[in-house]
Amino acid sequence: LLIILLIILIALSGYYFFTKNKKLDIKDFKQQGQSEIKSGNMIMKVWDYSAADGDSVQVYFDGELIADSLALLYEPAEYKLGNLSAGEHWIGVKAINEGMMGEASPHVRVSNGRDSFDIEISAWKDSALTSWKINVK
């Protein structure tokens, strides 16, 4: 009995570590657009721009989960992305809850300290994951 419990514990811990830290590929996401910005110390802010109606999302940056269950509010959540290298980067969004008014629609601002751009990403629960490509020059 002890051996069976040990095997179950090992299996569950393996499942936990392999699924929790899995980096997603951009091919898993449907791209909704792209923007360009000069390199610099990047900060990303995410919030609900129109109506805080109960939307919640997962947010990814370059495939890494940075917000597991972000409730979209009027006050932005801020993520320091660091000094990004030149090239292609991407933001991914998965809807957890669509709230009361249509799809989950996080408003995102990416800034390098001098310049910034704002985007709206639409995400639907139980649908394709969505993304936005960022070209850093």
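Which pattern does the chain follow, read along the sequence? The chain reads α-β-β-β-β-β-β-β-β-β.

1. **Basis.** This is a predicted model, in which local features need pLDDT of at least 70 and side-chain atom pairs count only at pLDDT 80 or more, while totals for chains, interfaces and linings use all residues. Residues are numbered from 1 along each chain as its sequence is written, and side-chain values use heavy atoms, with hydrogens and water left out.

2. **Overall build.** Helices (H or I, at least four residues) and strands (E, at least two) are DSSP runs, numbered from the N terminus. The C-alpha trace spans about 60 × 40 × 25 Å along its principal axes. Take contacts (heavy atoms within 4.5 Å). Among those between residues at least 6 apart in sequence, 76% join residues at least 24 apart.

3. The accessible surface comes to about 8400 Å². Carbon and sulfur atoms account for 57% of that surface. Areas come from the Shrake-Rupley method with a 1.4 Å probe; for residues, only the protein chains shown count as cover. Buried means under 20% relative accessible area, exposed over 50%, and partly exposed in between (1.4 Å probe, protein chains only). Of the 137 residues in the chain, 39% are buried.

4. **Nonpolar patch.** Leu1, Ile4, Leu5, Ile8 and Leu12 make a nonpolar surface patch of about 560 Å². Patch residues have over 30% relative accessible area and no salt bridge; like charges are joined within 9 Å, and nonpolar side chains (Val, Leu, Ile, Met, Phe, Trp, Tyr) within 5 Å. Ile4 belongs to helix 1 (residues 2-20).

5. **Charge.** There are 14 positive and 18 negative side chains. The centres of the two sets lie 6 Å apart. Lys and Arg count as positive and Asp and Glu as negative; His and the chain ends are not counted. Each charge is placed at NZ of Lys, CZ of Arg, CG of Asp or CD of Glu.

6. **Salt bridges across the sequence.** The count is five salt bridges. The rule asks for a side-chain nitrogen of Lys or Arg within 4 Å of a carboxyl oxygen of Asp or Glu. Lysine 137 pairs with glutamate 36, with the closest N and O atoms 4.0 Å apart. Lysine 137 lies in the segment after strand 9 (129-136) and glutamate 36 in strand 1 (residues 29-37), so the pair ties together parts 101 residues apart in sequence. Lysine 137 is exposed at 53%, and glutamate 36 is exposed at 55%.

7. **A buried partner.** Lysine 133 and glutamate 88 meet in a salt bridge (3.6 Å, N to O). This pair links distant parts of the chain: lysine 133 in strand 9 and glutamate 88 in strand 6, 45 residues apart. Lysine 133 is buried, at 16% relative accessible area. Glutamate 88 is exposed, at 56%.

8. **Salt-bridge network.** Lys45, Glu78 and Lys80 are linked in a network of salt bridges. Between glutamate 78 and lysine 80, the closest N and O atoms are 3.2 Å apart. Glutamate 78 is partly exposed at 41%; lysine 80 is exposed at 66%.

9. **Two loop residues.** Aspartate 62 sits in the loop between strand 3 (55-61) and strand 4 (64-71). Its phi is positive, about 50°, although aspartate 62 is not a glycine. Serine 105 is in the loop between strand 6 (87-98) and strand 7 (106-111). Serine 105 counts as buried because its relative accessibility is 14%. Not counting residues up to four places away in sequence, serine 105 touches Trp47, Asp48, Asp55, Leu72, Glu120 and Ile121.
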